[in-house]
Amino acid sequence: MDITIGVFGLILGIAIMVFFAFKGLSAVPLTLLAGAVICISNGIGLWTGFATSWAGGLGATFTSYFLLFFVSSLYANIMEATGACTSIAYKFIQWFGTKHILTVLTLFVFVITYGGVSFFVCMFAVAPIMWKLFKELNVPRPLGIIPIAVGGGAWNYLLPGSTQLSNVIPTELGTTLTAAPVMSILIVAVGMIVSLIIVEKIYASQMRQVAAGQLVGFTGEGADSVMRNKENVPSAIAAFLPMVVMIALIVICSLLNVFESSTLLACLAMLIAAVICLLLNLRFIEGSVVESVKNALTSAANGAAGSALALGAVVGFGTIVSSTGAFQAIVDWLLALDINVYWKGVISTSVISGVTGSASSGVRLCVDYLGDYFIGSGCNLEVLHRLISLASITFDSLPHCSGCFIMFAYLGLNHKNAYKYTFLFDTVLTVAMTIIVAILVSIIY
């Protein structure tokens, strides 16, 4: 098969993913359609492409993430059933007021993910609290993507000591998790300040429109529910303690390397948190405890199956992409570019992250293929480490990436009403920062 046709088919397949995602097509049929285009244009038999690559990627992802999604959903359901989410929401309003609640949630997510809690776990833990706040304040639902996108999907990857893969993989160059600490902190400080200024402006503008009747407030699941009164919710200690225990377990066990599997650690921590929440707040469950727990388990199982299937389908699509000759040709072309070593790291990482829809894949392939070249180039490897980490969080958030699909599915959003915020904070701002930092590094080094 001609490589030009293959590359064109690859681009067309991704374009189909993007177009129909905005039209509301769900992940499974969408990835099958786009995957078929890529298979045909790259000379891959449809049965081979779907039975081997797509189904293999889906199956591996479903196996890896179903339990995580199930336990996290169970934890969220228990927090909801016991009134712990409502209690935390009331405390947030009491402590921080209502004018800056979106910024508070963003910082909350940022701190939790930097502490070692994975992006997915953080989303599951924070979303129930966020929806209670949004319901009480009548905040438009699409804004719910902002705390996750800014606090969990961008700048925390770059902080010294971050355990996110974009910071872990580059250590194979001989660096550490705290590589170029001053540079890291400066990038994150500027990125977060700019992001939070924009967050404040968006929130203020949206709430003014809601108040004026020009924009609909909170809608969707939970919009018609009635907030419990303050006298019928757990105390702040009983509400916050399960979450504190969960975060502490994840952070401490991660630092001590207690478990080889971070997914196992997250599942255990959330399961323990759910049990603690249930035991502490049994008397606040409305109705039968047995029925509430049964409903929580059923809802968690159904939700986990759908989430894991959607994520697996998108990962399966990425597996088809990475198995094509066209993808390998793009990688080879990037690696052969005769340019400044720092720019080579930036461009290779960002483009591969964009094609695969995965930051970790971009970093992984860049380090695998160019690691020896980077080490032998004489460049400042700590600075390069930081640049690669930064470049990985640029195009990894394009519309076809798996993270977007799972975020929107779990939060009850879609590309049409929420992707613009993801694109602004996780692509536009990060690309701008990457270009500025790469230029400065090229001049200084």
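Does Phe96 count as buried, partly exposed or exposed, and at what relative accessibility? In this predicted model, Phe96 has a relative accessibility of 41% and therefore counts as partly exposed, the class between under 20% and over 50%. Trp95 is likewise partly exposed, with a relative accessible area of 47%.

The structure holds 18 aromatic pairs. One of them is formed by Trp95 and Phe96, with 6.3 Å from centre to centre and 90° between the planes, an edge-to-face arrangement. Trp95 and Phe96 also belong to one aromatic cluster, together with Phe92, Phe108 and Phe240.

A further edge-to-face pair is made by Phe124 and Tyr410, so classified because the planes stand at 80° and the cut-off is over 60 degrees. The ring centres of Phe124 and Tyr410 are 4.5 Å apart. This pair links distant parts of the chain, since Phe124 lies in helix H6 (residues 119-137) and Tyr410 in helix H17 (residues 402-411), 286 residues apart. Phe124 is buried, at 2% relative accessibility, whereas Tyr410 is partly exposed, with a relative accessible area of 23%.

Helix packing was examined for H14 (residues 341-356) and H18 (residues 415-444), whose axes are 9 Å apart and meet at an angle of about 160°. H14 is therefore roughly antiparallel to H18. The crossing of H14 past H18 is right-handed. On the H14 side the contact involves Tyr342, Trp343 and Val346, which meet Thr434, Ile435, Ala438, Ile439, Val441 and Ser442 of H18. The residues of this contact comprise 7 nonpolar and 2 polar ones, with no charged residue.

How values were computed:
Residues numbered from 1 in each chain as written. Predicted model: local features only at pLDDT ≥ 70, side-chain atom pairs only at ≥ 80, totals over all residues. Heavy atoms only, no water. Axes fitted to C-alpha atoms, helices over the stretch in contact; angles between N-to-C directions. Helix = DSSP H or I, 4+ residues; strand = E, 2+ residues; numbered from the N terminus. Parallel < 35°, antiparallel > 145°, perpendicular 65-115°, else oblique. Left-handed = near helix turned anticlockwise from the far one by under 90°. Contact = heavy atoms within 4.5 Å. Nonpolar A, V, L, I, M, F, W, Y, C, P; charged D, E, K, R; others polar. Phe/Tyr/Trp six-rings, centres within 6.5 Å; stacked < 30°, edge-to-face > 60°. Buried < 20%, exposed > 50% of the residue type's maximum accessible area, 1.4 Å probe, protein only.
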